[in-house]
Every structure is written in structure tokens, then in C-alpha cells.
Amino acid sequence: AIPIIIAQSSQGMMGLVDTAIVARAGTASLSAVALSSVLLFVLSSFGGGMITGLDPMVSQSMGAGNEQRARVLLWQGSYLAIIAGVVLAVPALVVPRLLPHFGLELVEQPLMEDYLTWRAPGLPLLLLFGTVRAYVQSIERPAVLIVSSLIANVFNFASDLLLVLGGADLPAFFGPLREVPALGVKGAAITTTLCSLLQWCIVARYVKKRVPVPGGGHKPEQATGTR
């Protein structure tokens with residue numbers, strides 16, 4: 001359970017770092033990220049609820065000695081994550097732009113639109129990571145979650161500083177990085193999306209290279225009551 005606890009805690013740590021750094025960009029930026037995070041939490045919770053169904057199914061397959069079925073579930077869960085992530089990204093992009101039509105004139109709306117435009121592509125990646133995480137937990141290989149979490153946290157901290165606040169204050173030996181402009185909330189969103197991609201790539205590569213189970217299940221399949 002310790003690797004799972006660390007992986008879960010690291011997600012909260014990234015959120016804490018994002019908040020601390022975005023706050024330095026101004027109260028309007030912080031408010032925009034906070035409001036956007038409420039919407040993203042609702043959407044990601046809905047998608048995550050579907051993905052958590054994989055945990056018992058993969059565990060049951062491994063307990064029954066059916067490693068082939070566990071890998072099939074990983075593939076089918078990945079297809080579900082992509083489809084659900086793309087569908088859920090639509091309201092993330094549309095809702096802020098509809099607020100004025102309901103009489104809600106928010107000062108933070110332009111910043112919210114910027115933030116969600118770059119965060120929405122991260123929803124499929126977030127759900128993909130959840131799918132692979134459920135798989136490695138169920139096959140008792142959760143240590144890779146620690147590695148991906150630590151790397152993502154270091155990357156998140158460095159990228160937030162660079163993209164949110166810009167590179168103008170960096171020492172001279174950073175060279176071209178000093179030319180990076182301060183992107184504010186847009187930089188925070190880009191960083192979070194890249195962290196989701198990084199975590200998924202690390203865990204997915206581990207599963208592909210290190211987990212000795214059969215392949216299969218590469219094509220989407222229709223659920224039946226006989227499997």
C-alpha cells in the first residue's frame with residue numbers, strides 16, 4: 001500500500017505547488033485556476049469513476065490465473081479512457097464560454113478560458129494514467145508509481161517556475177531558457193498536462209517492457225455477459 005499512498009499524495013503535492021506558484025502571478029490568476037479546478041474536478045471524477053471499475057476486474061482475472069484477460073482489460077480500459085477523456089474535454093472548453101449567456105460576468109473568465117484550453121487535452125491523459133495505475137496495482141507492481149510520481153513532481157516544480165513566472169530572472173548559464181515569457185495560468189495548465197503525459201508514459205513503458213504477461217486485446221471489443 002505504501003507506493004499507492006505515495007502516488008496519491010504526490011498528486012496533492014503537485015496541486016499545492018501549482019497553487020503556490022500561480023499565486024505569485026496575481027490574485028486574478030489564482031482565482032481563475034481555483035474556479036477552473038472545480039469544473040475539472042467534477043469532470044475528472046466522473047471519468048475516474050468509470051476507470052476504477054478496472055481494479056476489481058483486473059484483480060479477479062489475476063486471482064483466477066487469467067493473465068491474458070487482465071491484459072485485455074488494460075487495453076479496453078485504455079480505449080474507454082481516451083473516449084471518455086475526449087468527451088469530457090468538451091464541457092471543459094465550452095462551459096466558461098457560456099457563462100456570459102447566463103448573466104455571469106466574471107473578471108477571471110478570459111484567464112479561465114486560457115487555463116482550460118490547455119488543461120482539457122490532459123483529461124484523456126489523466127484517465128489513461130489511471131487505467132495503467134489500476135493495472136499495476138492489481139498485478140502487485142505498484143513501485144513504478146513512486147518513480148513516476150517523483151519524476152512528475154520534480155518536473156512540475158521546475159516547469160511551473162519557468163512557464164508561469166518566465167525565465168527572465170534565471171541566472172545567465174540557463175541561456176535560452178531566460179527568453180521564455182511568463183505565461184501565467186496558461187503555463188500552469190501546460191505544465192499539468194505535460195505531467196499527466198509524463199506519468200502515463202513512464203508507467204505504460206514499464207508495463208510494456210517489464211511485466212511478463214501475454215499481449216492481446218488490442219482491438220476495441222463489445223462487452224458481453226459470457227466473458
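## The overall fold

Reading from the N terminus, the elements of this chain run α-α-α-α-α-α-α-α. In other words, the chain has eight helices and zero strands. What you see above is a predicted model. Along the principal axes, the C-alpha atoms fill a box of roughly 55 × 50 × 30 Å.

## How confident is the prediction?

Averaged over the chain, the pLDDT is 86, and 92% of the residues reach 70 or more. One stretch to treat with care is residues 223-227, where the pLDDT is below 50. Beyond near neighbours in sequence, that stretch has two contacts in the model.

## Helix 4 and helix 6

Let's look at helix 4, which covers residues 67-98, beside helix 6, which covers residues 122-138. At what angle do helix 4 and helix 6 pack? The angle is about 155 degrees, and the two axes are 7 Å apart. Angles over 145 degrees count as roughly antiparallel, so helix 4 and helix 6 are roughly antiparallel to each other.

The crossing of helix 4 past helix 6 is right-handed. Sorted by class, the residues in the contact of helix 4 with helix 6 are 15 nonpolar, four polar and one charged.

## Helix 3 and helix 4

Helix 4 also packs with helix 3, which spans residues 54-63. Here the angle is about 160 degrees, with the axes 7 Å apart. Helix 3 and helix 4 are therefore roughly antiparallel to each other. Is the crossing of helix 3 past helix 4 left-handed or right-handed? Helix 3 passes helix 4 in a left-handed crossing.

You can find the residues of this contact in the structure above. From helix 3 come Leu54, Met57, Val58, Ser61 and Met62, and they meet Glu67, Arg69, Ala70, Leu73 and Gly77 in helix 4. By class, the contact of helix 3 with helix 4 has six nonpolar, two polar and two charged residues.

How many aromatic pairs does a search of the whole structure find? The search finds two. To describe a pair of aromatic rings, we use the distance of the centres and the angle of the planes.

One of the pairs is formed by Trp75 and Tyr79. Their rings are 6.3 Å apart, centre to centre, with 35 degrees between the planes, and the pair is tilted. Where do Trp75 and Tyr79 lie? Both are in helix 4, four residues apart, which is about one turn of the helix.

How values were computed
Residues are numbered from 1 along each chain as its sequence is written. This is a predicted model: local features need pLDDT of at least 70, side-chain atom pairs count only at pLDDT 80 or more; totals for chains, interfaces and linings use all residues. Side-chain values use heavy atoms; hydrogens and water are left out. pLDDT is the predictor's confidence in each residue, from 0 to 100. Contact means heavy atoms within 4.5 Å. Axes are lines fitted to C-alpha atoms, for helices over the stretch in contact, and angles run from 0 to 180 degrees between N-to-C directions. Helices (H or I, at least four residues) and strands (E, at least two) are DSSP runs, numbered from the N terminus. Angles under 35 degrees count as roughly parallel, over 145 as roughly antiparallel, 65 to 115 as roughly perpendicular and the rest as oblique. A crossing is left-handed if the near helix is turned anticlockwise from the far one by less than a right angle, and right-handed if clockwise. Ala, Val, Leu, Ile, Met, Phe, Trp, Tyr, Cys and Pro count as nonpolar, Asp, Glu, Lys and Arg as charged, and the others, Gly among them, as polar. Rings of Phe, Tyr and Trp (its six-membered ring) pair if their centres lie within 6.5 Å; planes under 30 degrees apart count as stacked, over 60 as edge-to-face and the rest as tilted.
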